[in-house]
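Keep the picture open while you read.

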Amino acid sequence: MDTQIQETVEELLTKLCTPFRKVRLEKKDDNTFRVNIESEEPSLLIGHHGENIYALQSIVRTIMWRKQGTDVNVIIDVDDYRKRQEDNVLKLAERKVETLRKTGETQSLPPMSAYFRRLIHVHLANNFEDVMTESVGEGDFRYLTIKLKTS
């Protein structure tokens, strides 16, 4: 399936007349694959706030579902744009944990996508035993709060 995902992305980019240098595939687990596209024009593939990445990701998932008959989690990235975003959001969450520990006051993060909220939930749960997270709000305004656990 690895090569099929890579070939599908390359074929799609070629049909879209989108220049790219290389498509790298990394298998995260049995059903999750991270695809990084090295591009001459990354802003074209990324789009406004990553909208084109998400659209491309959705198309590739649909194509793979039709080819395989099963859901495959494909995470598309362009020149490590999403990786840098993930790193930044995790660093922000860790800084909020430091502030929380100093002040004892609940910390809020800015509104973000479900993907980034889940990334933070998992990261903090696995690395900080004394804190808990909670998603608050609705729709595009949904955000995370970080609190100290009470015994």
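1. A salt bridge here is a side-chain nitrogen of Lys or Arg within 4 Å of a carboxyl oxygen of Asp or Glu. By that rule the structure holds 10 of them. One joins Arg21 and Glu40, whose closest N and O atoms are 3.4 Å apart. That pair links distant parts of the chain, 19 residues apart: Arg21 sits in the loop between H1 and strand E1 (22-29), Glu40 in the loop between E2 and H2. Helices (H or I, at least four residues) and strands (E, at least two) are DSSP runs, numbered from the N terminus.

2. Before you go on: this is a predicted model, where local features need pLDDT of at least 70, side-chain atom pairs count only at pLDDT 80 or more, and totals for chains, interfaces and linings use all residues. Residues are numbered from 1 along each chain as its sequence is written, and side-chain values use heavy atoms, leaving out hydrogens and water.

3. Have a look at Glu38 and Arg24 too, which meet in a salt bridge at 3.0 Å, N to O. Glu38 is in strand E2 and Arg24 in strand E1, so the pair ties together parts 14 residues apart in sequence.

4. Now for helix H5. Which of its residues are buried (under 20% relative accessible area; exposed is over 50%, partly exposed in between; 1.4 Å probe, protein chains only)? They are Phe116, Arg117, Ile120, His123 and Leu124. Down the axis of H5 they fall within an arc of 135° (taken from the directions from the helix axis to the C-beta atoms), so they line one face. The face turned away from that buried side carries the exposed Arg118, Ala125 and Asn126.
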